[in-house]
Amino acid sequence: MSIGARNTGSGSQGGAPGDGGVVVRPYEPADRAQVRRICFETGYMGDSVDWLWRDRESWADMFSGYYTDCEPESALVAEVNGEVVGYLLGCLDSSKAWDPGVVALRHVLRRGIALRPGTARVVWRSAGDILVDAALRRLPSGRVVDPRWPAHLHIDFLPAGRGRGLGSVLVRRWLDTLRDRGCAGCHLGTMAENTSAVAFFEAMGFRREGIPELMPGLRSREGARLHVQLMVQLLGDRSGPSYSAAT
Ligand SMILES: CC(C)(COP(=O)(O)OP(=O)(O)OC[C@H]1O[C@@H](n2cnc3c(N)ncnc32)[C@H](O)[C@@H]1OP(=O)(O)O)[C@@H](O)C(=O)NCCC(=O)NCCS
């Protein structure tokens with residue numbers, strides 16, 4: 001499957017009016033390193049996650065590895081002036097995607113992230129949170145595999161790519177691909193505290209499903225626990241906001 005032809009040019013691809021350096025195109029293997037870099041540099045609600053998790057390889061393996069390495073045909077990137085500044089990583093069948101927790105465990109065994117100074121704190125804190133949350137019956141539901149919304153997506157832009165309409169272009173293109181393939185719906189998880197992202201996804205036609213769930217191990221800079229919000233969109237209806245506003 002291919003998501004779309006290479007598009008170059010100006011506003012029609014979602015760039016700022018008169019910006020000739022904007023390109024939205026399918027992911028290519030040569031983009032892998034930059035996608036992994038963006039994944040890390042935007043990993044904390046759009047900011048770098050390096051203050052929380054100082055190991056780019058394990059982070060990128062958890063959150064971008066499946067998409068670049070197993071389902072690259074469902075990925076899109078956006079370039080500004082020749083540099084990839086953002087991506088949408090899609091998955092048609094969420095039951096196939098890697099569970100980030102399992103990927104993390106692999107890194108515990110193979111690369112010792114439970115002992116490395118940049119990651120050990122979060123690894124052990126996650127274990128503690130899981131024990132406490134299990135006792136209090138408030139563990140997160142985990143990977144979402146639901147026939148109502150079998151597909152999912154991740155989307156991230158470096159600051160240079162934000163607010164130019166590129167995120168909407170990538171999401172609309174992914175949702176159109178899903179409709180063309182007869183997919184029932186799409187979901188995503190975002191930090192509930194990332195209010196900009198929640199607003200963006202609502203503008204794209206997603207709605208919140210259920211209440212935010214505590215994420216083991218994660219903390220804000222102030223030390224507060226963070227929550228993940230499931231957001232969903234049923235497809236098949238071309239009158240929804242994500243379609244009617246499409247380019
Ligand atoms: C969230 C993100 C993907 C949005 O992409 P974007 O290209 O910046 O968004 P767009 O310019 O296409 O905005 C589309 C619409 O979303 C809404 N929106 C976007 N950013 C918003 C914000 N900060 N606050 C409120 N609404 C916002 C608006 O309705 C906007 O339409 P408008 O420009 O006509 O008002 C991007 O800003 C980003 O990567 N942020 C950091 C990483 C992140 O949070 N990723 C999501 C993690 S799940």
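Because the model is predicted, local features need pLDDT of at least 70 and side-chain atom pairs count only at pLDDT 80 or more, while totals for chains, interfaces and linings use all residues. Residue numbers start from 1 along each chain as its sequence is written.

The protein chain has eight helices and eight strands; helices (H or I, at least four residues) and strands (E, at least two) are DSSP runs, numbered from the N terminus. Of its 247 residues, 35% are buried. A residue is buried if 20 or more other C-beta atoms lie within 10 Å of its own, exposed if 12 or fewer, and partly exposed in between, with C-beta atoms placed from the backbone. Among contacts between residues at least 6 apart in sequence, 68% join residues at least 24 apart; two residues are in contact if their C-beta atoms, placed from the backbone, lie within 7 Å.

Six of the seven residues of β5 are buried. Strand β4 (residues 83-91) runs antiparallel to β5 and is joined to it by six bridges; there, tyrosine 87 stands opposite aspartate 156. Strand β6 (residues 185-191) pairs with β5 in the parallel sense over two bridges, and alanine 151 has cysteine 186 in β6 as its bridge partner. Strands pair if DSSP finds at least two bridges between them. Together, β5, α6 and β6 make a right-handed β-α-β unit: with the strands pointing away from the viewer, the path from the first strand over the helix to the second runs clockwise.

The largest nonpolar core has 52 residues, and Trp59, Leu76, Tyr87, Leu88, Leu170 and Trp174 have the most contacts inside it. Helix α6 gives the largest share of this core, seven residues. A nonpolar core is a set of buried Ala, Val, Leu, Ile, Met, Phe, Trp, Tyr and Cys residues joined through C-beta atoms within 7 Å. Beyond its neighbours within four places in sequence, leucine 88 is in contact with Ala75, Leu76, Leu153, Ile155, Leu170, Val171 and Trp174.

The ligand has 20 residues around it, of which Gly46, Phe157, Gly167, Ser196 and Ala199 come nearest. The elements giving two or more residues to this shell are β5 (151-157), α6 (166-180) and α7 (195-203), and α7 gives the most, with five. A residue is near a molecule if its C-beta atom, placed from the backbone, lies within 6 Å of it. The shell divides into eight nonpolar, nine polar and three charged residues.

Technical notes:
Nonpolar A, V, L, I, M, F, W, Y, C, P; charged D, E, K, R; others polar.
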